[in-house]
Amino acid sequence: MLHLYDTATREVRELALREPGKVSIYLCGPTVYGPPHLGHGRATLEYDILRRYLEWTGLEVRLVSNITDIEDKIIERAQREGRPWQDITHKCEAVWFQAMEGINVARPTDVPHATEYVDEMVAMIADLVERGSAYTTDDGVYLSVESVDGYGLLAHQSLDDMLAGGGEREVLGAEQKRHPADFVLWKFSKPDEPAWPSPWGAGRPGWHSECVVMSLDLLGEGFDLHCGGEDLRFPHHENERAQAVALGKRFANHWMHHGFIVDPEGEKMSKSLGNVSNLLDLIEHYDPRALRMVLLQSHYRSPVTVNQANLDAAVNALAGLDAFARRSSTAAAAAPDPAVLAEFRAAMDDDLDTPRATALLFDTVRAANAAL
């Protein structure tokens with residue numbers, strides 16, 4: 001059975017399934033306000049590899065991955081360019097799926113949009129207010145993290161530790177918050193901003209609320225696996241979990257996070273640092289399978305650099321596999337070697353050890369070429 005590192009428990013443990021033979025997975029999807037970059041490519045490819053492996057073993061996978069189509073960055077771009085915000089989201093979503101198709105990522109089973117779930121988010125926030133876990137300020141409705149047992153589980157810090165350690169970018173905000181780590185559930189809209197009605201005033205949902213509502217609606221309580229990048233672990237995923245806990249609902253059973261794509265100096269690829277490569281540019285200049293090969297040869301939890309050298313090496317490796325496929329196409333069919341398949345499954349079941357599994361692939365191809 002597959003064992004994966006669980007961010008919550010900080011150990012590699014069995015992915016225990018809620019329902020035998022079926023796997024329920026939630027993956028945080030894109031905020032559609034710009035073109036997808038290499039970091040997005042890693043996020044989708046890592047879990048595409050996981051999904052394909054699970055399906056290869058005979059499991060039925062339901063993968064839900066959302067589209068954030070209302071968020072501050074979308075509004076800022078729309079105002080800057082004098083365009084309707086819907087024009088930006090529709091076009092950027094089309095480009096997103098063009099890129100995903102280009103790198104052969106299978107489309108998620110469900111692709112919910114944040115704007116489709118605003119009513120459900122309002123109802124959830126009202127429930128939190130009624131329970132005393134949320135409160136209203138001049139600029140919105142906030143969740144009180146002090147009302148949540150075990151807040152900081154995914155950050156591996158207590159509330160006291162967070163305050164002692166600073167972390168102002170993550171925990172400081174509106175002056176009326178009861179605790180610096182409290183986060184917004186509903187933002188009151190300013191003039192000329194998108195707005196939906198609510199009991200507290202016209203506004204829009206905070207980013208941390210949409211995934212809670214979508215995952216619980218489509219996958220149900222206690223779903224098997226919640227995935228995303230290491231940068232989402234805190235505060236985004238911690239704040240999702242906090243809302244579910246405050247509602248008295250069982251949330252994800254297992255948490256999986258992948259490492260960053262970094263530049264040669266070791267910096268995380270990010271738009272703020274100006275070191276982001278457009279995924280469509282990579283597809284235009286390279287065999288799109290090359291990025292998948294680079295990632296397969298690195299462990300999903302490790303940082304990886306994507307550059308010309310390792311992309312060229314991946315292209316050469318793919319050429320060797322293609323040549324073997326052509327050479328072996330006329331050979332007599334043989335039953336798969338049970339020992340090789342067992343070794344492959346052992347590698348993949350050991351926290352998705354794709355470097356070991358890929359090395360086995362190349363060793364097997366070399367042996368097969370010698371036999372031919």
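## Basis of the description

Helices (H or I, at least four residues) and strands (E, at least two) are DSSP runs, numbered from the N terminus. The structure is a predicted model, in which local features need pLDDT of at least 70 and side-chain atom pairs count only at pLDDT 80 or more, while totals for chains, interfaces and linings use all residues. Residues are numbered from 1 along each chain as its sequence is written, and side-chain values use heavy atoms, with hydrogens and water left out.

## Helix H4 and its surroundings

Helix H4 covers residues 118-130, and its end C-alpha atoms lie 18 Å apart, in agreement with the 18 Å that its 13 residues should span at 1.5 Å a residue (the expected span being 1.5 Å times one less than the number of residues). After H4 comes Gly-132, which has a positive phi near 85 degrees.

Val-118, Met-121, Val-122, Met-124, Ile-125 and Leu-128 are the buried residues of H4, where buried means under 20% relative accessible area, exposed over 50% and partly exposed in between (1.4 Å probe, protein chains only). Seen down the helix axis, these buried residues fall within an arc of 165 degrees, so they line one face of H4; the arc is that of the directions from the helix axis to the C-beta atoms. Asp-119 and Glu-130, on the other side of H4, are exposed. The cover over the buried residues of H4 includes strands E5 (134-136), E6 (140-143) and E7 (183-188), together with E8, helix H7 (207-218) and helix H8 (233-246), contact meaning heavy atoms within 4.5 Å.

## Salt bridges

Counting as a salt bridge a side-chain nitrogen of Lys or Arg within 4 Å of a carboxyl oxygen of Asp or Glu, the model has 24 salt bridges. One of them joins Arg-52 to Asp-48 at 2.6 Å, N to O, and both residues belong to helix H1 (residues 38-56), four residues or about one turn of the helix apart. Arg-52 is partly exposed at 35% relative accessibility, whereas Asp-48 is buried at 3%.

Asp-72 and Arg-204 form another salt bridge, with their closest N and O atoms 2.7 Å apart. This pair links distant parts of the chain, since Asp-72 lies in helix H2 (residues 72-81) and Arg-204 in strand E8 (residues 203-205), 132 residues apart. Asp-72 is partly exposed, at 24%, and Arg-204 is buried, at 7%. Salt bridges also link Arg-77, Glu-81, Arg-83, Asp-87 and Lys-91 in a network.
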